[in-house]
Amino acid sequence: MPRTAPEVHADLVLEPRDVTFDWSGLPLHWIPDEPLATHTINVLHLLLPEGERWFIKVFKDALPLITDEQLREEVLGFIGQESIHAEAHQEVLDHLLAQGLDPRPYVRQIAWLFQRVLGEKPKLGPRQRRENIIERVAFVAAIEHFTAFLGNWALNSPGLDRAEADPTMLDLLRWHGAEEVEHRSVAFDLMTHLDPGYLRRVRGMAVSGPLLVHLWVRGVRFLLAADPTLDGRLVPTWREALDISRRGLLPEPMASLRSGLRYLRRGYHPTQEGSSAQALSYLASSPAARAAAR
(Lines give C-alpha, C1' and ligand atoms only; values in the text may rest on other atoms or scores of the structure.)
Protein backbone atom coordinates (compact mmCIF):
# COMPACT_ATOMS: atom_id res chain seq x y z
CA MET A 1 0.00 0.00 0.00
CA PRO A 2 1.37 3.48 -0.80
CA ARG A 3 2.26 5.56 2.22
CA THR A 4 1.85 9.33 2.31
CA ALA A 5 3.93 11.17 4.89
CA PRO A 6 2.36 14.17 6.66
CA GLU A 7 3.25 17.44 4.96
CA VAL A 8 5.25 18.77 7.91
CA HIS A 9 7.41 15.65 7.78
CA ALA A 10 7.85 15.68 3.99
CA ASP A 11 9.24 19.22 4.14
CA LEU A 12 11.88 18.46 6.78
CA VAL A 13 15.56 19.00 6.09
CA LEU A 14 17.67 17.14 8.62
CA GLU A 15 20.66 19.01 9.96
CA PRO A 16 22.94 18.35 12.92
CA ARG A 17 22.60 20.69 15.90
CA ASP A 18 26.00 20.99 17.53
CA VAL A 19 24.76 21.05 21.12
CA THR A 20 26.81 21.06 24.31
CA PHE A 21 25.81 20.33 27.90
CA ASP A 22 27.39 21.25 31.23
CA TRP A 23 27.42 18.12 33.40
CA SER A 24 29.43 19.58 36.28
CA GLY A 25 26.35 19.90 38.50
CA LEU A 26 24.65 16.62 37.57
CA PRO A 27 23.96 14.44 40.65
CA LEU A 28 24.49 10.70 40.37
CA HIS A 29 20.77 10.14 40.95
CA TRP A 30 19.45 12.90 38.71
CA ILE A 31 15.85 11.90 39.51
CA PRO A 32 15.91 12.68 43.25
CA ASP A 33 15.44 9.62 45.49
CA GLU A 34 14.80 7.42 42.45
CA PRO A 35 17.95 5.38 41.76
CA LEU A 36 16.11 2.64 39.85
CA ALA A 37 14.34 5.10 37.54
CA THR A 38 17.56 7.07 37.10
CA HIS A 39 19.63 4.06 36.14
CA THR A 40 16.95 2.54 33.94
CA ILE A 41 17.11 5.66 31.80
CA ASN A 42 20.90 5.79 32.18
CA VAL A 43 21.11 2.57 30.16
CA LEU A 44 20.65 4.87 27.17
CA HIS A 45 24.08 6.32 27.87
CA LEU A 46 25.58 2.82 27.95
CA LEU A 47 24.05 1.72 24.65
CA LEU A 48 23.90 4.80 22.48
CA PRO A 49 27.50 5.91 21.93
CA GLU A 50 28.60 2.57 20.44
CA GLY A 51 25.17 1.88 18.96
CA GLU A 52 24.95 5.16 17.11
CA ARG A 53 28.51 4.86 15.82
CA TRP A 54 27.42 1.50 14.43
CA PHE A 55 24.34 3.12 12.84
CA ILE A 56 26.65 5.60 11.13
CA LYS A 57 28.92 2.85 9.80
CA VAL A 58 25.95 0.87 8.45
CA PHE A 59 24.47 3.92 6.73
CA LYS A 60 27.82 4.90 5.21
CA ASP A 61 28.10 1.36 3.84
CA ALA A 62 24.59 1.72 2.40
CA LEU A 63 25.18 5.08 0.67
CA PRO A 64 26.47 3.57 -2.62
CA LEU A 65 23.29 1.48 -2.87
CA ILE A 66 20.91 4.48 -2.70
CA THR A 67 19.41 5.57 -6.03
CA ASP A 68 17.00 8.22 -4.68
CA GLU A 69 18.66 11.63 -4.20
CA GLN A 70 16.21 12.91 -1.58
CA LEU A 71 16.67 9.77 0.50
CA ARG A 72 20.45 10.14 0.17
CA GLU A 73 20.23 13.66 1.63
CA GLU A 74 18.07 12.38 4.49
CA VAL A 75 20.57 9.62 5.22
CA LEU A 76 23.42 12.16 5.30
CA GLY A 77 21.42 14.33 7.69
CA PHE A 78 20.70 11.28 9.84
CA ILE A 79 24.42 10.46 9.97
CA GLY A 80 25.25 13.99 11.10
CA GLN A 81 22.63 13.97 13.86
CA GLU A 82 23.62 10.51 15.12
CA SER A 83 27.26 11.54 15.35
CA ILE A 84 26.40 14.36 17.76
CA HIS A 85 24.05 12.08 19.74
CA ALA A 86 26.88 9.61 20.30
CA GLU A 87 29.22 12.32 21.60
CA ALA A 88 26.57 13.84 23.91
CA HIS A 89 25.89 10.50 25.61
CA GLN A 90 29.61 9.73 25.79
CA GLU A 91 30.05 12.88 27.89
CA VAL A 92 27.51 11.50 30.39
CA LEU A 93 29.52 8.27 30.64
CA ASP A 94 32.64 10.30 31.36
CA HIS A 95 30.74 12.15 34.09
CA LEU A 96 29.54 8.89 35.66
CA LEU A 97 33.14 7.66 35.76
CA ALA A 98 34.21 10.85 37.51
CA GLN A 99 31.51 10.23 40.12
CA GLY A 100 32.84 6.76 40.90
CA LEU A 101 30.53 4.66 38.71
CA ASP A 102 32.71 2.91 36.12
CA PRO A 103 30.62 2.12 33.00
CA ARG A 104 33.54 0.74 30.98
CA PRO A 105 33.09 -3.02 31.59
CA TYR A 106 29.55 -2.95 30.19
CA VAL A 107 30.44 -0.53 27.38
CA ARG A 108 33.25 -2.87 26.25
CA GLN A 109 30.69 -5.64 25.86
CA ILE A 110 28.41 -3.36 23.84
CA ALA A 111 31.33 -2.37 21.61
CA TRP A 112 32.14 -6.04 20.99
CA LEU A 113 28.50 -6.73 20.09
CA PHE A 114 28.21 -3.92 17.56
CA GLN A 115 31.70 -4.18 16.10
CA ARG A 116 32.19 -7.94 15.98
CA VAL A 117 28.78 -9.62 16.06
CA LEU A 118 26.73 -7.03 14.14
CA GLY A 119 29.61 -5.46 12.21
CA GLU A 120 30.54 -5.89 8.58
CA LYS A 121 31.66 -9.42 7.73
CA PRO A 122 35.05 -9.67 6.01
CA LYS A 123 35.73 -11.51 2.75
CA LEU A 124 32.18 -11.32 1.40
CA GLY A 125 31.49 -11.27 -2.31
CA PRO A 126 29.59 -8.30 -3.84
CA ARG A 127 26.16 -9.97 -3.63
CA GLN A 128 26.74 -11.23 -0.10
CA ARG A 129 28.05 -7.86 1.02
CA ARG A 130 24.95 -6.12 -0.34
CA GLU A 131 22.74 -8.60 1.49
CA ASN A 132 24.68 -8.06 4.71
CA ILE A 133 24.31 -4.28 4.43
CA ILE A 134 20.55 -4.50 3.87
CA GLU A 135 20.15 -6.90 6.79
CA ARG A 136 21.99 -4.50 9.09
CA VAL A 137 19.88 -1.60 7.81
CA ALA A 138 16.80 -3.63 8.83
CA PHE A 139 18.24 -4.01 12.34
CA VAL A 140 18.82 -0.25 12.50
CA ALA A 141 15.26 0.44 11.30
CA ALA A 142 13.80 -1.70 14.08
CA ILE A 143 16.00 -0.10 16.73
CA GLU A 144 15.18 3.38 15.41
CA HIS A 145 11.51 2.55 15.83
CA PHE A 146 12.10 2.13 19.56
CA THR A 147 14.36 5.19 19.87
CA ALA A 148 11.55 7.23 18.28
CA PHE A 149 9.08 5.66 20.72
CA LEU A 150 11.36 6.64 23.61
CA GLY A 151 11.86 10.10 22.14
CA ASN A 152 8.12 10.63 21.89
CA TRP A 153 7.76 9.45 25.49
CA ALA A 154 10.46 11.88 26.68
CA LEU A 155 8.66 14.76 24.99
CA ASN A 156 5.43 13.79 26.76
CA SER A 157 6.66 12.79 30.22
CA PRO A 158 5.43 15.31 32.81
CA GLY A 159 6.22 12.77 35.54
CA LEU A 160 9.91 13.61 35.17
CA ASP A 161 9.13 17.30 35.74
CA ARG A 162 6.96 16.51 38.77
CA ALA A 163 9.82 14.43 40.20
CA GLU A 164 12.14 17.46 39.74
CA ALA A 165 14.56 15.60 37.49
CA ASP A 166 17.76 17.46 36.68
CA PRO A 167 16.94 20.07 34.00
CA THR A 168 20.14 19.55 32.01
CA MET A 169 19.52 15.82 31.72
CA LEU A 170 15.89 16.49 30.80
CA ASP A 171 17.06 18.79 28.01
CA LEU A 172 19.46 16.12 26.73
CA LEU A 173 16.71 13.49 26.72
CA ARG A 174 14.16 15.77 25.07
CA TRP A 175 16.57 17.29 22.54
CA HIS A 176 17.71 13.81 21.55
CA GLY A 177 14.14 12.51 21.66
CA ALA A 178 12.93 15.34 19.43
CA GLU A 179 15.60 14.57 16.83
CA GLU A 180 14.70 10.87 16.99
CA VAL A 181 11.09 11.80 16.22
CA GLU A 182 12.27 14.23 13.55
CA HIS A 183 14.26 11.57 11.65
CA ARG A 184 12.13 8.58 12.67
CA SER A 185 11.34 7.43 9.12
CA VAL A 186 14.84 7.60 7.58
CA ALA A 187 16.03 4.10 8.52
CA PHE A 188 12.65 2.56 7.62
CA ASP A 189 12.59 4.35 4.26
CA LEU A 190 16.16 3.24 3.55
CA MET A 191 15.27 -0.36 4.37
CA THR A 192 12.22 -0.37 2.09
CA HIS A 193 14.21 1.41 -0.64
CA LEU A 194 16.78 -1.38 -0.60
CA ASP A 195 14.27 -4.19 0.02
CA PRO A 196 10.52 -3.51 0.01
CA GLY A 197 9.78 -7.06 1.21
CA TYR A 198 7.77 -7.49 4.41
CA LEU A 199 9.87 -10.40 5.70
CA ARG A 200 12.97 -8.20 5.98
CA ARG A 201 11.09 -5.90 8.34
CA VAL A 202 9.83 -8.80 10.44
CA ARG A 203 13.30 -10.32 10.70
CA GLY A 204 14.81 -7.00 11.74
CA MET A 205 12.33 -6.62 14.58
CA ALA A 206 12.58 -10.31 15.58
CA VAL A 207 16.32 -9.83 16.18
CA SER A 208 16.46 -6.26 17.47
CA GLY A 209 13.43 -6.23 19.78
CA PRO A 210 14.43 -9.12 22.10
CA LEU A 211 18.08 -8.02 21.95
CA LEU A 212 17.19 -4.52 23.18
CA VAL A 213 15.13 -5.89 26.07
CA HIS A 214 17.99 -8.21 27.08
CA LEU A 215 20.60 -5.46 26.91
CA TRP A 216 18.40 -3.05 28.85
CA VAL A 217 17.75 -5.48 31.71
CA ARG A 218 21.45 -6.32 31.93
CA GLY A 219 22.31 -2.63 31.81
CA VAL A 220 20.02 -1.77 34.71
CA ARG A 221 21.46 -4.57 36.82
CA PHE A 222 25.00 -3.48 35.95
CA LEU A 223 24.42 0.18 36.87
CA LEU A 224 22.74 -0.64 40.18
CA ALA A 225 25.59 -2.99 41.11
CA ALA A 226 28.24 -0.45 40.04
CA ASP A 227 26.62 2.52 41.82
CA PRO A 228 29.04 3.35 44.68
CA THR A 229 26.25 4.81 46.83
CA LEU A 230 24.09 1.69 46.81
CA ASP A 231 26.65 -1.01 47.76
CA GLY A 232 24.65 -3.57 45.80
CA ARG A 233 21.63 -3.22 48.12
CA LEU A 234 19.08 -2.41 45.42
CA VAL A 235 17.99 -5.38 43.31
CA PRO A 236 15.58 -4.41 40.50
CA THR A 237 12.24 -6.16 40.14
CA TRP A 238 9.62 -5.98 37.41
CA ARG A 239 6.99 -5.03 40.00
CA GLU A 240 8.98 -1.99 41.09
CA ALA A 241 9.65 -1.02 37.47
CA LEU A 242 5.91 -1.19 36.74
CA ASP A 243 5.18 0.99 39.76
CA ILE A 244 7.71 3.56 38.60
CA SER A 245 6.26 3.55 35.09
CA ARG A 246 2.76 4.18 36.49
CA ARG A 247 4.17 7.29 38.17
CA GLY A 248 5.35 8.51 34.78
CA LEU A 249 9.09 8.13 35.36
CA LEU A 250 9.56 5.32 32.82
CA PRO A 251 7.68 4.24 29.69
CA GLU A 252 5.01 1.63 30.38
CA PRO A 253 6.20 -1.84 29.26
CA MET A 254 2.88 -2.66 27.58
CA ALA A 255 3.03 0.58 25.59
CA SER A 256 6.51 -0.44 24.39
CA LEU A 257 5.20 -3.86 23.37
CA ARG A 258 2.23 -2.38 21.51
CA SER A 259 4.60 -0.05 19.69
CA GLY A 260 6.70 -3.00 18.53
CA LEU A 261 3.58 -4.79 17.28
CA ARG A 262 2.49 -1.69 15.34
CA TYR A 263 5.79 -1.83 13.47
CA LEU A 264 4.76 -5.23 12.10
CA ARG A 265 1.52 -3.99 10.51
CA ARG A 266 1.81 -4.22 6.72
CA GLY A 267 0.64 -0.65 6.11
CA TYR A 268 2.81 0.81 8.86
CA HIS A 269 5.05 3.85 8.39
CA PRO A 270 7.01 5.61 11.17
CA THR A 271 5.29 8.93 10.47
CA GLN A 272 2.27 7.36 12.17
CA GLU A 273 4.21 7.59 15.46
CA GLY A 274 4.86 10.86 17.27
CA SER A 275 4.57 14.39 15.94
CA SER A 276 7.12 16.19 13.79
CA ALA A 277 5.50 19.50 14.71
CA GLN A 278 5.92 18.78 18.44
CA ALA A 279 9.53 17.70 17.92
CA LEU A 280 10.38 20.87 16.01
CA SER A 281 8.60 22.96 18.63
CA TYR A 282 10.78 21.51 21.38
CA LEU A 283 13.94 21.96 19.31
CA ALA A 284 13.01 25.63 18.94
CA SER A 285 12.84 25.99 22.73
CA SER A 286 15.55 23.56 23.94
CA PRO A 287 18.26 25.51 25.81
CA ALA A 288 21.03 23.41 24.23
CA ALA A 289 19.60 23.58 20.71
CA ARG A 290 19.03 27.34 20.95
CA ALA A 291 22.60 27.85 22.16
CA ALA A 292 23.86 25.74 19.23
CA ALA A 293 21.81 27.81 16.78
CA ARG A 294 23.44 31.00 18.06
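Let's start with L261, which sits in helix α11. Keep in mind that the model you're looking at is a predicted one. Is L261 buried or exposed? With a relative accessible area of 51%, L261 counts as exposed, because the cut-off for that label is over 50%.

Now turn to the buried part of α11. This helix runs over residues 253-263, and A255, S259, G260 and Y263 are buried in it. If you look down the axis of α11, those buried residues fall within an arc of 140°, so they line one face of the helix. Here's the background: an α-helix has 3.6 residues a turn, so residues three or four places apart point the same way. What do the buried residues of α11 pack against? Their partners are α5 (126-155), α8 (186-194) and α9 (198-226).

Next stop is G159, in helix α6, which covers residues 158-162. G159 counts as buried because its relative accessibility is 4%, and the limit is under 20%. Setting aside neighbours within four places in sequence, G159 touches R247, G248 and L249. As for S245, it is 86 residues from G159 in sequence, yet their C-alpha atoms are 9.2 Å apart in space.

Finally, how far can you trust the picture? The chain's mean pLDDT is 93, and 96% of its residues reach 70 or more. Residues 1-8 are another story, with pLDDT below 50 and ten contacts in the model beyond near neighbours in sequence.

Methods: Residues numbered from 1 in each chain as written. Predicted model: local features only at pLDDT ≥ 70, side-chain atom pairs only at ≥ 80, totals over all residues. Heavy atoms only, no water. Buried < 20%, exposed > 50% of the residue type's maximum accessible area, 1.4 Å probe, protein only. Helix = DSSP H or I, 4+ residues; strand = E, 2+ residues; numbered from the N terminus. Arc of directions from axis to C-beta. Contact = heavy atoms within 4.5 Å. pLDDT = per-residue confidence, 0-100.
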